[in-house]
Amino acid sequence: METKNVILTQDVIEKKIKRIAYEIYEHNSDEQELIIAGIWDRGMILAEKIAAILQEISPLRIRLLRLDLNKQRPEGVTLSEDIDFNDRVIVLVDDVANSGRTMLYALKPFLQFLPKKIQTAVLVDRKHKSYPLSVDFVGYSLATTLQDMVMVEMENEDIKLAYLV
């Protein structure tokens, strides 16, 4: 049985998500529309929560996309909609940035275009990256050992806790 070293509880997670949404709005307040792309499955749940808050606090049009990829073998990436990303602002969302590989591969479908900006948002950013990725909007940043894994536990659409294994 693994030991759960809890780093974020549900109420703290909700506050972090709200803060991420406000930061996204502050950095994009001059835009008309934002594309929020959530990496299935936990990243998509987080993206839905961020999008809902953005719709409450801002006049921005929010377009929510689902991005599917195999996190172990992330060569193929599919989007829920094929749209033109030229001159658009995209916020790529996942639950945890561990090595950076998943988020880097998740950028592939957007790189066929010339987006205005691509930003990244995660609930937990683990500082040991194997890939050149920096995250723009972070709920919680954590320095870990290479052996540590950060896990986010969900129940239905609720993000219950984040913990270190």
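Student: Which element gives the largest share of the lining of the largest pocket, and how do you know?
Tutor: In this predicted model, β5 does, with four residues. To count as lining, a residue needs an atom within 4 Å of a pocket point.

Student: What makes up the rest of the picture: how much space is there in the largest pocket, and which residues lie nearest its centre?
Tutor: The space comes to about 350 Å³. The lining has 17 residues, and Lys71, Val96, Asn98, Thr102 and Met149 are the ones nearest the centre. Two or more lining residues come from each of β5 (89–97), α3 (101–106) and β8.

Student: How do the residues that line the largest pocket divide by class?
Tutor: Seven are nonpolar, five are polar and five are charged.

Student: What makes β1 and β8 edge strands?
Tutor: Look at the order first. The open sheet of three strands runs β1-β9-β8, paired antiparallel. β1 (5–8) and β8 (150–155) each have a single partner strand, so one side of each has no neighbour in the sheet. From one strand to the next, the twist averages 40°.

Student: How do you know that β1 and β9 pair, and in which sense?
Tutor: Count bridges: two strands need at least two to pair. β1 and β9 (residues 158–164) have three and run antiparallel, so by that cut-off they pair. For one place to look, Val6 has Tyr163 in β9 as its bridge partner.

Student: Which strands does helix α1 touch where it packs on that sheet?
Tutor: Helix α1 (residues 10–27) touches β1 and β9, and its direction makes about 105° with that of β9. Helix α2 (residues 42–57) packs on the sheet too, touching β8 and β9, at about 125° to the direction of β9. Touching here means heavy atoms within 4.5 Å.

Student: How many bridges join β6 to β7?
Tutor: Five, linking β6 (residues 117–126) to β7, and the two run parallel. That is above the cut-off of at least two, so they pair. Asp125, for instance, has Ser141 in β7 as its bridge partner.

Student: What makes the peptide bond from Trp40 to Asp41 worth a look?
Tutor: Its omega is near 10°, and the bond is cis. Most peptide bonds are trans. Asp41 sits in the loop between β2 and α2.

Student: And what about the phi of Asp87?
Tutor: The phi is positive, about 55°, and Asp87 is not a glycine. Most residues other than glycine have a negative phi. You'll find Asp87 in the loop between β4 and β5.

Student: Which residues does UniProt list for the domain?
Tutor: The unreviewed entry has "domain: Phosphoribosyltransferase" at residues 9–134. In the model, that stretch is 32% helix and 30% strand, with its end C-alpha atoms 24 Å apart.

Terms used: Residues are numbered from 1 along each chain as its sequence is written. This is a predicted model: local features need pLDDT of at least 70, side-chain atom pairs count only at pLDDT 80 or more; totals for chains, interfaces and linings use all residues. Side-chain values use heavy atoms; hydrogens and water are left out. Axes are lines fitted to C-alpha atoms, for helices over the stretch in contact, and angles run from 0 to 180 degrees between N-to-C directions. UniProt positions are given in the numbering used here, feature names are shortened, and annotations may be inferred rather than shown by experiment. On a 1 Å grid over the protein atoms alone, a cavity is a set of points where a 1.4 Å probe fits but cannot get out, and a pocket is an open set with protein on both sides within 12 Å along at least five of seven lines; lining residues have an atom within 4 Å of a point. Grid points are joined across faces, edges and corners, and a volume is the space filled by probe spheres set on the points. Ala, Val, Leu, Ile, Met, Phe, Trp, Tyr, Cys and Pro count as nonpolar, Asp, Glu, Lys and Arg as charged, and the others, Gly among them, as polar.
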